[in-house]
Amino acid sequence: MIKRRELLRGLSTIPFIGAFTIGAKATSNPSASRNYFQELGLRSYINAAGTYTALTASLMPPEARAAWNYASQQYVKLDDLQDRAGERIAELLQCEAATVTAGAASAITLGTAGVLTGLDPKKAVQIPNDMTGLKTEVILQKSHRVGYDHAIRNCGVNIVEVETAAELESAISDKTAMLWFLNAANFEGQIRDDEYVRIAKKHDIPCMNDCAADVPPVENLWKYTKMGFDLVCFSGGKGMRGPQSAGLLLGRKDLIAAARLSAAPRGNTVGRGMKVNKEEILCMLIALEIYLERDHAKDWALWEHQIDLIHQAASSVDGVETEIHVPAVANHVPSIRIRWDEAKVKITPDEARQALREGHPSIETVGGAESLDITTWMMNEGEERIVARRVREVLQQG
Ligand SMILES: *Cc1c(COP(=O)(O)O)cnc(C)c1O
């Protein structure tokens, strides 16, 4: 053991505030004692917002962290690991084939590339700026247009927007590479999921469904491949709590093999910058296993209980009203929207969010100019009590 005097002498040579943390480096388990984010001047927070990328979305379960740690300490061939992990994922999710991508957006790009190239690696080299001999259009519904469709355009194709089934049928031509569907917008478009698939099949055109944020419910992991979508994308680090930098591309065996022609380790491809290494691949698989084994009904009951606790605390303040709701498709979890009469509670939702962020502990919430919005599914258990108390305090002080 280091004598206290020696330790102090050591510390005296270390400039100012770093002293404490640098001193702690000497212990046998450095990660347990160093507060890396604090060393960088960053504050962590309770995530009462949800699976937002900017907030780093989710925390991995211990089994997934152990898998990361395991993979980081030994070599394995990247393609072999993708092959085996993909087979295991496909078996778990009852689909033909699967591969781990660098997130759902990466799955969209790689899947699109696979549809364009088929099993010809020379075509993969062409994407995105030499479309000779490749199809050049991807069709989607206008109401399904989101920023994430940039991931399709990365492959050098143009987006064609349609609104009705008749427009869709007449937009299909020999330039059409793929039909794309945004699952979260299922009830906003005029063409629903099953009809969309039926039209794609009729014209023999591959059809992709972006389900990035669409677990829970867990069944969605196999619902859409079974419905007939040729390719289905999920974020790994949202509801499944795998690495935020991972995702899943599920679907037809030939198309998954084709998509991988554009993925690392192959260098001369659109997907080379979307590398997933052994840690992410293994960790994604293990996070998926753990997610599938969860007691989903119990999770749901916990979230309802947590939301109710926050509802009780918020609505105890005079002038405050709450609405408990569950979004129909994406982020399908118990959620609370808190509104108030600003004549009685003299604070705006933006100011309330700021006060929660700046408090101790810091709490991140979402919502617009009209409300303060909270979900509890990305919190650590027990944090709901802190959130309930802080929300009440902030509204009472307002
Ligand atoms: C989050 C999201 C994505 C991107 O997912 P990543 O895993 O972060 O790449 C794509 N599409 C939709 C609809 C999303 O919600």
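## Cavities

The structure, a predicted model, holds 2 cavities of 30 Å³ or more. A cavity here is a set of points on a 1 Å grid over the protein atoms alone where a 1.4 Å probe fits but cannot get out. Volume is the space filled by probe spheres set on the points, which are joined across faces, edges and corners.

The largest cavity contains about 100 Å³ of space. It is lined by 15 residues, of which Q82, V100, A263, A264 and V276 are the closest to its centre; a lining residue has an atom within 4 Å of a point.

## Domains

An automatic or database assignment divides the chain into domain 1 (75-293) and domain 2 (296-397). Their C-alpha centres are 34 Å apart.

## Domain interface

In contact (heavy atoms within 4.5 Å) are 14 residues of domain 1 and 10 residues of domain 2. The buried area, meaning accessible area (1.4 Å probe) lost on putting the two parts together and summed over both, is about 920 Å², with 67% from carbon and sulfur atoms. A213, P216 and R241 supply 46% of what domain 1 buries against domain 2, more than any other three residues.

Between the domains there are 0 salt bridges (Lys or Arg side-chain nitrogen within 4 Å of an Asp or Glu carboxyl oxygen).

## Basis

Residues are numbered from 1 along each chain as its sequence is written, and side-chain values use heavy atoms, without hydrogens and water. Local features need pLDDT of at least 70 and side-chain atom pairs count only at pLDDT 80 or more, while totals for chains, interfaces and linings use all residues.

Methods: 1 Å grid on protein atoms, 1.4 Å probe; cavity = no way out; pocket = protein on both sides within 12 Å on 5 of 7 lines; lining within 4 Å.
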